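Open your viewer, switch to a cartoon view and keep the selection tool handy. We will go from stop to stop together.

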Amino acid sequence: MTATAGGYVVAIDNGSQSTKVLIVDGEGVVHAGARVALRPYATPAPGRWEHPDDDLWDSVVAAVGEALGRFGGDRSEIRGVGLCTIRFCRAVLRADGSLAQPVMSWMDERLPRAYEREVDDAVYVTTSSGYIGHRLTGECRDAVGNYQGMWPIDTERWAWSADAAEYARTGMDPRMLFELVAPGEPLGEVTAEAARLTGLPAGVPVIATSNDKAVEALGAGLRDEGDALLSLGTYVATMTVGDRPLAANTDVWTNFGAEPGAYLYESNGVRRGMWTVSWFRDLISSAGHGATEEELNLGAAEVPIGAGGIVAALDWLAPPDEPWRRGALVGFDGTQGRFHIYRAILEALAIETAGSDDRAREVVGRGRRELVVTGGGSSSSLMLRILAAVYRVPVRTPLVRDAAGIGAAICAAVGVGMHPTWDGAVDAMVHIGDRIEVEPEAAHAYQEVAKTYATVIPRIRRLFSEKE
């Protein structure tokens, strides 16, 4: 098998629940892939969420090996590796680059605070991409676009801050930090040891991407400022393209993009969005009523709009500034069943995120033209119809649902010269999948459901508030 655009790239997408690997050619055709689930988080103390043992690296090794085992092409034609990992994680390393303590998940309560040394042999503090990149290349370099949150980063310059006060604020010594690399630039080359473990060719360049949400936006073809991208993952929020950092605002914040100098404007989000879908599926399965998500979608499609009056408060993981918030399901009258609850969860995701996107777009002064939907939930035709009705714009999906994987492939393809420009790479490698138009009757019905949510959700949150 020969690639159509001068070779292949391996795209690593290390997400919150699994590591996915794609082997892609320059036209965006996937020639092989694999997915390896991550182990459940360890919670050694309240508020602490850690990846157990060396789970992130182990999952990368396993997923790359499986994908290469399914690849029918010539491995010598693999020209580069694009590495994308979960944002807002923290890895503390020893001098040799091994983990000095477990990688902290983005949900860990320590991450919004300044770094405090917990182990004596801590030498480096980096992100999950810094750690995995070091395991692949042996170099202390990391993707600058993955540094959001409590880091001494200069967002305008895409560089470490020149202000000593920033290092004091974040608790980080500059000597503990990796060198920063822009999207499309090399992190290093696959070492002989990494090649032995993964099956990747030794010496192949590993290319920097950005944070996982930005890479997902790139791989979904988000280019027009009138488009919003909704990422249906563990964290669910909308994004739109930007060209400069915004002033601080409670309704929208600036994230790095996945191209040098590009930005994304991101709304507030639901912290355990599609996790709630998986939680409910597993819950009813454990009760002896096993059902796949496909079966739940089919059953929920028969439920009327509004889920029979059930309202879902998606506060299963409270934000740091309001730790009293809790998830809730209200509105039972004895006529509803599991499909009503499932539909209520989907409707809540649409209504909550649409409201956040409305507020973000008001801040940046933009209307909404289309909604691009990515992530596991984008495979649900019911969810796409709900989103089109609630957002009141057409919905489209990328052909390859692992948009972060395609985004990582684009970064690698640009980095190794398979495509000379970012626009050319996106045009060649991103293809549209499904397209859903707005159903006017459903859009009108959801306006009424949204009014119910606007009344009920604040009351639910007040029930749990420490201030009441």
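Which backbone nitrogen does a side-chain oxygen of threonine 421 reach at the start of helix 11? Select threonine 421 and glycine 424: the side-chain oxygen of threonine 421 comes to within 2.9 Å of the backbone nitrogen of glycine 424. Before moving on, note that this is a predicted model, in which local features need pLDDT of at least 70, side-chain atom pairs count only at pLDDT 80 or more, and totals for chains, interfaces and linings use all residues. Residues are numbered from 1 along each chain as its sequence is written, and side-chain values use heavy atoms, leaving out hydrogens and water.

Now select helix 11 itself, residues 422–429. Helices (H or I, at least four residues) and strands (E, at least two) are DSSP runs, numbered from the N terminus. Trp422, Ala425, Val426, Ala428 and Met429 are buried here, meaning under 20% relative accessible area with a 1.4 Å probe and protein chains only. Show strand 2 (18–25), helix 5 (212–219) and helix 10 (403–415) to see what these buried residues pack against.

Six strands form an open sheet in the order 3-2-1-4-12-11, with mixed pairing; two strands pair if DSSP finds at least two bridges between them. Its edges are strand 3 (30–37) and strand 11 (186–189), each pairing on one side only. Inside it, pick strand 4 (residues 78–85) and strand 12 (residues 205–211), which run parallel and are joined by four bridges. Glycine 82 stands opposite isoleucine 207 of strand 12.

Next, color helix 1 (residues 55–70) and helix 2 (residues 128–137), whose axes come within 10 Å and cross at roughly 55°. The axes are lines fitted to C-alpha atoms over the stretch in contact, with angles from 0 to 180 degrees between N-to-C directions. To see the contact (heavy atoms within 4.5 Å), show Leu56, Trp57 and Val60 of helix 1 with Ser128, Tyr131, Ile132, Arg135 and Leu136 of helix 2.

Step back to threonine 127, in the loop between strand 6 (124–126) and helix 2. Threonine 127 counts as buried because its relative accessibility is 1%. Its side chain makes a polar contact of 3.5 Å with that of asparagine 146.

Last stop: strand 15 (residues 252–256). Four of its five residues are buried, so strand 15 is largely enclosed by the rest of the structure. Strand 16 (residues 263–267) runs antiparallel to strand 15, with five bridges joining them. Finish on tryptophan 253, which stands opposite glutamate 266 in strand 16.

Conventions. Buried < 20%, exposed > 50% of the residue type's maximum accessible area, 1.4 Å probe, protein only. Polar contact = N/O pair within 3.5 Å; in protein donor to acceptor, adjacent residues only side chain to side chain.
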